[in-house]
Amino acid sequence: MISCTEFVMAYSELFAFIEDRHGKETLLRFWEQLSDKFLYNLRQLVSEKGLAGMYEYWTHTLTEEGGKHSLILTNDEFRIEMECCPSISILRNNQHLKPYYDYCEHCKVLYKRVIEPFGYHCELLIHDSTTGKCTLRVRRKT
């Protein structure tokens, strides 16, 4: 079984390979397929519990993955303030591979595609992709 840490490196290498061989548009379609086919648990939690479901999903996921972050839940907003993304830390600290240059972008595609059909606006602001600092903000559409 592949561990969480090895999965990050495999993702990075796969993203680079797909873009190199087939172009960025194909990579974007791959991320869309990942979102559609493999994020059932997030989709179900958002469907059943809305913003609280997102909080529940990322509390579990980020506790498992590590990193330095804050999760904020209010009546009309869910937000992740990521100070140090665990995936970027793994990629940055690995001496055997060159991280895919646009690694953070896959989060924009994956999560927006799951969350927005339920009536939310989802934005990911990448503040620093080399340190893994970003903000994921979800609000109800008005």
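Predicted model: local features only at pLDDT ≥ 70, side-chain atom pairs only at ≥ 80, totals over all residues.

Colleague: How many residues line the largest pocket, and which lie nearest its centre?

Modeller: There are 37 lining residues, and Tyr57, Thr61, Glu65, Ser87 and Tyr111 are the ones nearest the centre.

Colleague: Which element gives the most to that lining?

Modeller: That's α4, with seven residues. Elements that each supply at least two residues include α1 (4-22), α2 (24-38), β3 (120-128) and β4 (133-140).

Colleague: And what's the lining like by class?

Modeller: For the largest pocket you get 26 nonpolar, seven polar and four charged residues.

Colleague: OK, what about the second largest pocket, how much space is in there?

Modeller: About 180 Å³. Its lining includes Ile88, Leu91, Arg92, Tyr103 and Cys104, and α5 gives the most, with three residues. By class, that lining has eight nonpolar, two polar and two charged residues.

Colleague: Switching topic: where does Glu77 sit, and is it buried or exposed?

Modeller: Glu77 is in strand β2, residues 77-84. It's buried, with a relative accessible area of 9%.

Colleague: Which side chains does the Glu77 side chain make polar contacts with?

Modeller: Two arginines come up: the side chain of Arg79 at 2.4 Å and the side chain of Arg139 at 2.7 Å. If you skip neighbours within four places in sequence, Glu77 is in contact with Leu51, Ile72, Arg137, Val138 and Arg139.

Colleague: And His106, what does its side chain reach?

Modeller: The backbone oxygen of Tyr103, at 2.6 Å. His106 lies in helix α6, residues 105-115, and counts as buried at 7% relative accessibility. Not counting residues up to four places away in sequence, His106 touches Tyr11, Phe15 and Trp31.

Colleague: What's the story with Cys134?

Modeller: Cys134 is in no disulfide either; the nearest cysteine sulfur belongs to Cys85, 6.4 Å away. Cys134 counts as buried, at 18% relative accessibility, because the cut-off for buried is under 20%.

Terms used:
Residues numbered from 1 in each chain as written. Heavy atoms only, no water. Disulfide = S-S within 2.5 Å. Buried < 20%, exposed > 50% of the residue type's maximum accessible area, 1.4 Å probe, protein only. Helix = DSSP H or I, 4+ residues; strand = E, 2+ residues; numbered from the N terminus. Polar contact = N/O pair within 3.5 Å; in protein donor to acceptor, adjacent residues only side chain to side chain. Contact = heavy atoms within 4.5 Å. 1 Å grid on protein atoms, 1.4 Å probe; cavity = no way out; pocket = protein on both sides within 12 Å on 5 of 7 lines; lining within 4 Å. Nonpolar A, V, L, I, M, F, W, Y, C, P; charged D, E, K, R; others polar. Points joined across faces, edges and corners; volume = space filled by probe spheres on them.
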